[in-house]
Amino acid sequence: MKNVKTNIKKRARMNAGLLNLLRDDVDNLRADADDFDLICLEESVRDAKSTIQMLTDNIVEIEYMLYLVKSNDAC
């Protein structure tokens, strides 16, 4: 149980870092859109999508850990 708690806390901190990264990605996306730099804009879109995917995956992992803890408590 302690391992799960530590892992959830670790993932929550990681999400905070990913959120900061996403903020930077969106700033780059906005700047590239303002400049209408299509090559950089494509890269910025890929970066933002990748960061969003990592954030989503991390949240899903936390959700799964919660599910496992709850299912073990029900037994």
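Helices here are DSSP runs of H or I with at least four residues, and they are numbered from the N terminus. By that rule, I59 has its place in helix α2. The model is a predicted one, in which local features need pLDDT of at least 70 and side-chain atom pairs count only at pLDDT 80 or more, while totals for chains, interfaces and linings use all residues. Residues are numbered from 1 along each chain as its sequence is written, and side-chain values use heavy atoms, with hydrogens and water left out.

Start with the two helices as a pair. Two packed helices are described by the angle between their axes and the distance between the axes. Here an axis is a line fitted to C-alpha atoms, for helices over the stretch in contact, and angles run from 0 to 180 degrees between N-to-C directions. Helix α1 covers residues 2–35 and helix α2 covers residues 38–74; their axes come within 9 Å and cross at roughly 160°. The two helices are therefore roughly antiparallel to each other, a label given to angles over 145 degrees. Where α1 meets α2, the contact residues divide into 21 nonpolar, six polar and five charged. In this count, Ala, Val, Leu, Ile, Met, Phe, Trp, Tyr, Cys and Pro are nonpolar, Asp, Glu, Lys and Arg are charged, and the others, Gly among them, are polar. The crossing of α1 and α2 is also left-handed, meaning that the near helix is turned anticlockwise from the far one by less than a right angle.

Next come the helix lengths. The expected span of a helix is 1.5 Å times one less than its number of residues. For the 34 residues of α1 that gives 50 Å, and the end C-alpha atoms are 50 Å apart, which agrees. The 37 residues of α2 should span 54 Å, and with end C-alpha atoms 53 Å apart, α2 agrees too.

Buried means under 20% relative accessible area, exposed means over 50%, and partly exposed lies in between (1.4 Å probe, protein chains only). In α1, the buried residues are R11, N15, L18, L22, D25 and D32, and what covers them includes α2. In α2, L41, S44, A48, T51, L55, N58, I62, M65 and V69 are buried, and they pack against α1. An α-helix has 3.6 residues a turn, so residues three or four places apart point the same way.

S44 makes a handy close-up. At 6% relative accessibility, S44 counts as buried. Leaving aside its neighbours within four places in sequence, S44 is in contact (heavy atoms within 4.5 Å) with N28, L29 and D32.

Other helix residues are partly exposed: A16 of α1 has 42% relative accessibility, T56 of α2 has 38%, and I59 has 47%. A16 and L55 are 39 residues apart along the chain, yet their C-alpha atoms are separated by 9.1 Å. By contrast, I59 and L41 are 18 residues apart in sequence and 27 Å apart in space, C-alpha to C-alpha. For T56 and V69, 13 residues apart along the chain, the C-alpha separation is 20 Å.

Finally, the loop between α1 and α2 holds F36. At 59% relative accessibility, F36 counts as exposed.

Note on methods. Parallel < 35°, antiparallel > 145°, perpendicular 65-115°, else oblique.
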